[in-house]
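Q: I would like to learn how to read some features of a protein model. Can we go through them one at a time?

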Amino acid sequence: MHFASDNWAGTHPRIADNLTRHAQGFASAYGTSELDKAVEDRFSAIFEREVAVFFVATGTAANSLALASVAKAGGVSFCHADAHVNADEGGAPEFLTGATRLFGVEGAEGKIDPKALDKAIARFEPASPHHGRAMAVTVTQATEVGTVYSLDELDRLAAIAKSRDLPLHMDGARFANALVALDATPAEMTWKRGVDILSFGGTKNGCWCAEAIVFFNPEMAADLPFIRKRSAQLFSKSRFISAQLEAYLEDDLWLDLARHANSMADRLREGLAAKNTARLAWETTANEVFAVIEKSSADRAREKGAKFYDWQPPHGWLPLPNENETLVRLVTSFATSEDEVDQFIEVV
């Protein structure tokens with residue numbers, strides 16, 4: 001009963017097999033092989049336009065280097081207060097962007113509130129050096145609390161960013177889960193909404209170690225090759241990231257894996273909602289489930305082998321659990337089985 005994180009799941013067999021297949025022989029290094037180029041072309045096909053793609057090892061690297069590509073002296077990037085870049089990346093975005101800052105914006109359901117964003121940006125007068133200057137807006141899709149921005153919500157945030165001439169970045173660590181939840185195309189959820197740069201995640205959805213930074217206007221990526229090298233994210237044997245992504249994207253495997261993870265989360269939500277020892281903390285639509293359960297039930301589940309984390313309540317969330325309860329996060333993955341879900345529900 002593994003619900004600690006989709007990072008705990010292994011590698012999908014088709015991806016592992018493709019790594020083995022490409023382990024033989026020789027290929028040019030540093031992203032110049034035929035496989036690297038083929039996967040880059042595949043990204044352009046998926047997003048229905050020419051894009052610039054840069055492979056990196058981690059989501060933190062993808063987010064940090066994406067923001068570094070648009071960094072300004074005294075720069076401030078605006079994100080949700082609970083966003084991963086703000087709460088869970090150990091200062092890497094600030095470090096790798098040259099000491100720019102993140103400004104957390106409030107909003108219900110883990111989503112940036114448009115009015116709050118507009119007000120936050122207005123605090124930074126472009127001509128004043130004292131407080132810094134607006135640099136970018138970054139959204140997390142799916143969010144850190146398991147919700148998903150609708151296309152209309154992305155439109156509203158993009159309009160605010162564009163009105164201030166700010167690039168819009170999307171942290172897509174769980175990009176595929178959000179995409180299938182919306183039943184949208186990759187283009188519809190990104191550049192057609194005004195997204196300029198995407199951190200495209202594969203690791204949480206069946207890859208071994210594969211993330212990509214996607215620029216929807218390749219001209220914006222002029223500095224990224226140098227930034228990536230300086231940040232020790234240019235792999236000599238980059239074909240092994242490309243090998244993962246080749247299999248991941250082939251025949252829409254990535255979407256099938258995300259649909260499975262989301263469906264397992266639906267099964268988990270439905271089961272927990274029917275229990276009298278647990279309740280859903282809030283509604284989620286991707287592959288993360290947040291529940292309030294009795295501490296005795298949590299202890300019993302762990303004794304039976306369940307893996308999950310107690311969770312800190314997000315900004316502004318009420319009501320808080322009582323002294324006999326705990327808030328937990330449960331994450332499903334491509335490898336989650338119906339039996340695991342049903343066993344956990346029974347134990348709880």
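Q: Where is Tyr-30 found?
A: This is a predicted model, in which local features need pLDDT of at least 70, side-chain atom pairs count only at pLDDT 80 or more, and totals for chains, interfaces and linings use all residues. Residues are numbered from 1 along each chain as its sequence is written, and side-chain values use heavy atoms, with hydrogens and water left out. Helices (H or I, at least four residues) and strands (E, at least two) are DSSP runs, numbered from the N terminus. Tyr-30 is found in the loop between helix H1 (13-21) and helix H2.

Q: What is the phi of Tyr-30, and is Tyr-30 exposed, partly exposed or buried?
A: Buried means under 20% relative accessible area, exposed means over 50%, and partly exposed is in between (1.4 Å probe, protein chains only). With a relative accessible area of 45%, Tyr-30 is partly exposed. Its phi is near 60 degrees, a positive value in a residue other than glycine.

Q: Where does Ala-232 lie, and is Ala-232 buried or exposed?
A: Ala-232 lies in the loop between helix H9 (224-230) and helix H10. Its relative accessible area is 65%, so Ala-232 is exposed. Ala-232 is not a glycine, although its phi is positive, at about 60 degrees.

Q: Which peptide bond is cis?
A: The bond from Gln-141 to Ala-142 is cis, with omega near 0 degrees. Ala-142 has its place in the loop between strand S4 and helix H7 (151-163).

Q: Is Ser-44 buried or exposed, and what is Ser-44 in contact with?
A: Ser-44 lies in helix H2 (residues 34-46). Its relative accessible area is 18%, so Ser-44 is buried. Contact means heavy atoms within 4.5 Å. Leaving aside neighbours within four places in sequence, Ser-44 is in contact with Arg-49, Glu-50 and Val-51.

Q: How do I read a sheet, and what is the order of the open sheet of seven strands?
A: Two strands pair if DSSP finds at least two bridges between them. The order here is S1-S7-S6-S5-S4-S2-S3, and the pairing is mixed. Strand S1 (52-56) and strand S3 (101-105) are the edge strands, each pairing on one side only. On average, neighbouring strands of this sheet are turned by 25 degrees against each other, direction ignored. As for axes, they are lines fitted to C-alpha atoms, for helices over the stretch in contact, and angles run from 0 to 180 degrees between N-to-C directions.

Q: How many bridges join strand S2 to S3?
A: Five bridges join strand S2 (residues 75-80) to S3, and the two run parallel. Ser-77 stands opposite Leu-102 in S3. Strand S4 (residues 133-140) and S5 also run parallel, joined by four bridges, and Thr-138 stands opposite His-169 in S5.

Q: Which residues of S5 are on each side?
A: In a regular strand the side chains alternate between the two faces of the sheet. Leu-168, Met-170 and Gly-172 are on one side of S5, His-169 and Asp-171 are on the other, and all are buried. Strand S5 (residues 168-172) is thus mostly covered, with five of its five residues buried.

Q: What is the order of the open sheet of four strands?
A: The order is S8-S9-S11-S10, with antiparallel pairing. Strand S8 (278-280) and strand S10 (309-310) stand at the edges with a single partner strand each, so one side of each has no neighbour in the sheet. Three bridges join S8 to strand S9 (residues 288-294), and Ile-293 in S9 is the bridge partner of Ala-278.

Q: How are two packed helices described, and at what angle do the axes of H10 and H11 cross?
A: Two packed helices are described by the angle between their axes and the distance between the axes. The axes of helix H10 (residues 239-249) and H11 come within 5 Å and cross at roughly 70 degrees. H10 and H11 are therefore roughly perpendicular to each other. Angles of 65 to 115 degrees count as roughly perpendicular, under 35 as roughly parallel, over 145 as roughly antiparallel and the rest as oblique. Ala-247, Tyr-248 and Leu-249 in H10 meet Leu-253, Trp-254 and Leu-257 in H11.

Q: How do the axes of H11 and H13 cross?
A: The axes of helix H11 (residues 253-273) and helix H13 (residues 338-347) come within 10 Å and cross at roughly 20 degrees. That makes H11 roughly parallel to H13.
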